Amino acid sequence: MDFDYTPQEQSFRQEVRDFLADNLPPKEKRDKNFLGTWLEKVRAKGWVGFAWPKEFGGSDGGLIEQAILKEEMSLAKAPPLGTSMMGLAWVGPGIMEYGTEEQKKKFIPDILDSKVTWCTGYSEPNHGSDLAAIQCKAELNGDHYVVNGQKIWTTGAPWSQWIILLTRTDFNVTSKHDGITCFLVPMDAPGVEVRPIQNMAGDKHFAEIFFTDVQVPVENRLGAEGEGWKVTVSALANERSSIGEVTQLQAKLDDLKTLVKNSSRQGKPASEDPKVRRTVARFEMKISAMKYNGLRYLTKQIKGEPLTSETSVNKLHRASLEIEMDDFAIELSGQAGLQLKGGEEAVDNGTWSKGALNWPNVVIGGGTPNIQRNIIAERILGQPKD
Amino acid sequence: MNFGFTEEQNLLKEQVQRFMKEACPLTRVREIANESTPFDQALWQQAAELGWLGLTIPEAHGGLGLKWIDQTVVLEAAAEGLCPLPMASQALASAAILTCASEQQKASWLPAMASGEAVVTLGLYDEANWIDPKAITATATARTGGYTLHGKKPFVNDAAAAHYMLLAVQGPNGLALAALGKEQVTVTPQPTIDTTKPMASVDIDGVEIGEEDLLPLSPEQLAFLTDCGAVATTAEMVGAGAAILEMTSGYAKERIQFGKPIGQYQGVKHRLADMFVDLESYRSLCYFAAWTVDDDPAELAKAVSMAKGYASDAFAQIGIDGVGLHGAIGFTADYDAQLYLKRSKWARPMYGDSDYHMDRIATLGGL
Ligand SMILES: Cc1cc2nc3c(=O)[nH]c(=O)nc-3n(C[C@H](O)[C@H](O)[C@H](O)COP(=O)(O)OP(=O)(O)OC[C@H]3O[C@@H](n4cnc5c(N)ncnc54)[C@H](O)[C@@H]3O)c2cc1C
């Protein structure tokens, strides 16, 4: 057990900080071209897909350094390292684990270079939590499959070029987990229709997608036919792990403390109110627990064991903290807390009020809290399935 | 950066677990806890021979010269079986001596502690629920050739079994620890919820001690020893929490109601999952806090408050749910779940409850 960073790890942290000092201007000074330049620079540094193998364009970086990189980027409120969050967090790793050589060559570089944005087509209108029961159909026809069916809640569908798509190729199975097959499909393929859905925060970030006789070449199948569930389970662990990452909450906690210091309650400084102090301390404690849980799981990964059900632990923490922190901030801010971006009294430009409407991203996305509890109880504690 | 135990630490853990299973199963724990002086000399001697009583004592003084993280490994594993030996008190008394005593005292006291010959405990605060130098109300006044003690130490862990004790007092020149032998004081065991953690009051009124037996204790040293106490307690909460979770999870797989194992009902399995999430979380915080004792003292206070602050409320709930999920059987004296619930009650206020620790996190975190 040793929580000290090695000299190499420390100098890597310094390198990231120096880079940020030189290349991350304050928000108001960033122009139109900023993001493009930023993406090129972080790519040139080898920080996109940092821990991915060199042969696929990664840097063979260590997992600890990767954690340092994410932490520093997040605390500095830097933009993401690539435009395809899903590409980097689970589609890319999925392709590297299950894809053919051709698929790796074809898809990985574009994810790293932010040329292609990916979305994830799992959920269907009748199958959300019960994901393995999906019905979207794919039928082999010579050198291609024909896909028919519907997906929904697909985040990023309105602007993505590719989708990782979960289908059923076999309807005569005893276990619903069999007969599922995964595909990599271009969103501009004939027969793909995207209808954006507005969420309660006012954004059209997700969509429903209709597939009508969409032809998908056999070489776009990810993993073997009928083996799609395996691909999905490891992708979902990666998704939950990315949701359970602590870095964004650490940055959010910093902002919350600043807000507390600048707020008053009934005419007195909020930072003197015992309830306020204890509430914020409890957030800090839980965030700290996530951090050290994450480091324990990272140590496991470094020893070569893949991430599995334990990712649900931090996913649950993130889900409750995300709601509680935004709600606490708007409660603390009283009526001003209600104002959205642009409001004369809006607090932190409406970040908290918007957040209070956006929590389903991390609470429902990636599987609901009830499902995470089922996973922990069944797969870690060995309770019978319900 | 490596958040894993070494091979040696894993072996140490297994060794303690084996000891608990073979030499000190819960049937034996119950017997010991029911005795008037709940102490088992033979078990204590075995623990000493295995090196567990001198883990953090330097090799020069007969110990193993290891760290608090190793101490945590032993306390956690022993607490899985609610080990009634005063190992935590012995470790804290060692820390107090290493922190406050002269070289000569260390050389004369520590070897007897590592060998188990001397059982020693540490008594800090006299106010029931206040972690502060002012919460030490017993005093020492100067007399020729030494000091006279006044007052009573109402809450001293493991005092009845101890041969020696280090008791905090307000001395003529500030805080101090009075080093006492049991024949100098009057120890009165107190009935408490958790008989595996015996507590006593120690009357020191009018006791005269020599000059060298009053060890100066700075407020920083007091805070350090309190934090060590919180680490020891939290390590035991990890072990005891894991044990009652395992017991409850096992029962949920076997108990059939409405034709199904109760673990199939989400009212049951989701509580088990929540217990796991909390246990996992204060476990991570506890290991980090234990590491800071020796390797990052600047972070100790905050790390300890995170760990003990989390564990205090979480383990209390785990104790309640552990008993409750069993149904009526959990309420029976014969069933072991209740022993863990009692430990959760004992641990909650020790070395600061969650409110105390949350206040400290807020302050240390810049609020
Ligand atoms: C913001 C957002 C982004 C999303 N992005 C994507 C995406 O990019 N791609 C994608 O494929 N999907 C996406 N989803 C969908 C998401 O994965 C599903 O919404 C989620 O898995 C729940 O499915 P559902 O909405 O059908 O709810 P349901 O499964 O119908 O659940 C409804 C309620 O019943 C509970 N419930 C269901 N089954 C059980 C059970 N066995 N035990 C106890 N309670 C149960 C749930 O917890 C929930 O409270 C997104 C969702 C949101 C909110």
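F3(A) and F288(B) are both buried in this predicted model. Their ring centres lie 5.0 Å apart with the planes at 85 degrees, so the two rings meet edge-to-face. Over all chains, the count of aromatic pairs comes to 25.

**The pair between chains**
- F3(A) belongs to the segment before α1 (7–23) of chain A, whereas F288(B) is part of helix α8 (residues 266–295) of chain B, so this pair joins two chains.
- Both F3(A) and F288(B) also belong to one aromatic cluster, together with Y292(A), F3(B), F5(B), Y287(B) and W291(B).

**A tryptophan pair in chain A**
- W118(A) and W162(A) form a tilted aromatic pair, with 5.6 Å from centre to centre and 35 degrees between the planes.
- W118(A) is located in strand β1 (residues 118–121) of chain A and W162(A) in strand β4 (residues 162–168) of chain A, so the contact ties together parts that are 44 residues apart in sequence.
- Each of these residues, W118(A) and W162(A), is buried.

**Charges over rings**
- In chain A, R13(A) is placed over the face of Y5(A), 4.9 Å from the ring centre.
- In chain B, the charged end of R343(B) lies over the ring of W346(B), at 6.0 Å from its centre.

Key: Residues numbered from 1 in each chain as written. Chains lettered and ligands numbered in written order. Predicted model: local features only at pLDDT ≥ 70, side-chain atom pairs only at ≥ 80, totals over all residues. Heavy atoms only, no water. Phe/Tyr/Trp six-rings, centres within 6.5 Å; stacked < 30°, edge-to-face > 60°. Helix = DSSP H or I, 4+ residues; strand = E, 2+ residues; numbered from the N terminus. Buried < 20%, exposed > 50% of the residue type's maximum accessible area, 1.4 Å probe, protein only. Lys NZ or Arg CZ within 6 Å of the ring centre and 35° of its normal.
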